Amino acid sequence: MGRISADFSGETVVVTGGSSGIGRAVALAFGDAGATVVNADVEERPKDVDAETPTHKLVRERGGEAAYAEVDVSDPAEVEALVEYAREFGGVDVMVNNAGVYTKSRFRDVTPEEFDRVYGVNARGAFFGTQYAAEDMIERGVEGVVVNTTSDTQGRASWDHSHYAATKGAVRMVTRSAALELAPEGVRVNAVAPGPVATEIREGWSEEASAFGPDGETPSLPLRAATPDELADAYLYLASDGASYVTGETLWVDGGGHVC
Ligand code: NAD
């Protein structure tokens, strides 16, 4: 099958959580498409078992422009400083709020501390990542785009991650609410909802994810677990002019899991 090509030459794309997994694939795809990429992560080193070169260095090795910023997205002051830092590269044109953490706990066992930690990274990170990036775009007169990473859990219940699902439901509503209020300023806000993707977000995830497939044991997933690369084009599409009439949308990229 063919592929849609993208050209983000002259644009600056900030990807949070870009050191590993989905964020890394997204950062590399934007770098390959000509963007200057800023990877904002708490850790420079990739967690992925088969990766060693930090994302920004790999973008450069592939002929692109990229930088790394050590940022904890749960701290709004650090996110504000990140957006300021991106001005060194011309300012944020596309903000991908992707950083996330996951813990596995039964609903009855989730503590306030665990809830706050996961909510802080996933929901507060996306909220203020959207707010600060949009503020900067508006100030610079740029019709920029925000793409948030939510999850299939934003719309479907499943076992042992009610607190995580709550954060991803929040990201979906941040996306919709911000899209409404920022549309008059020319800023679009969308989200991608991945299903199971083979990353290291939780220990053993890759092995677990690889168990998905058309084996009859996982009827809730029509296709299979994804590789991070299979998510990247959705971000490029939503950030591109090809999606100029799309805002407030959460695009399921989940192997069809949401239809079950
Ligand atoms: P990952 O663990 O491979 O990557 C997450 C990245 O976020 C890491 O590089 C990590 O260092 C970074 N990060 C964590 N806390 C941070 C913080 N406070 N500030 C900045 N960076 C931080 O996981 P992934 O699977 O690539 O997850 C990426 C996003 O996709 C997350 O938001 C996750 O919730 C979401 N998601 C993943 C799956 C999946 O199956 N892997 C499914 C649905 C949604």
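I looked up the second largest pocket and found a volume of about 380 Å³. A pocket here is an open set of points on a 1 Å grid over the protein atoms alone, where a 1.4 Å probe fits, with protein on both sides within 12 Å along at least five of seven lines; lining residues have an atom within 4 Å of a point. The volume is the space filled by probe spheres set on the points, which are joined across faces, edges and corners.

The model is predicted: local features need pLDDT of at least 70 and side-chain atom pairs pLDDT 80 or more, while totals for chains, interfaces and linings use all residues. Residues are numbered from 1 along each chain as its sequence is written, and side-chain values use heavy atoms, without hydrogens and water.

I listed 16 lining residues, with Arg3, Ile4, Ser5, Asp233 and Leu236 nearest the pocket centre. Helix α7 (229–239) gives the most to this lining, 5 residues.

Next I checked salt bridges (a side-chain nitrogen of Lys or Arg within 4 Å of a carboxyl oxygen of Asp or Glu) and got 9. Arginine 87 pairs with glutamate 139 at 3.1 Å between the closest N and O atoms. Arginine 87 is in the loop between α3 and β4 and glutamate 139 in helix α4, so the pair ties together parts 52 residues apart in sequence.

Arginine 140 forms a salt bridge with aspartate 136, closest N and O atoms 2.9 Å apart. I noted that Arg87, Asp136, Glu139 and Arg140 are linked in a network of salt bridges.

Technical notes:
Helix = DSSP H or I, 4+ residues; strand = E, 2+ residues; numbered from the N terminus.
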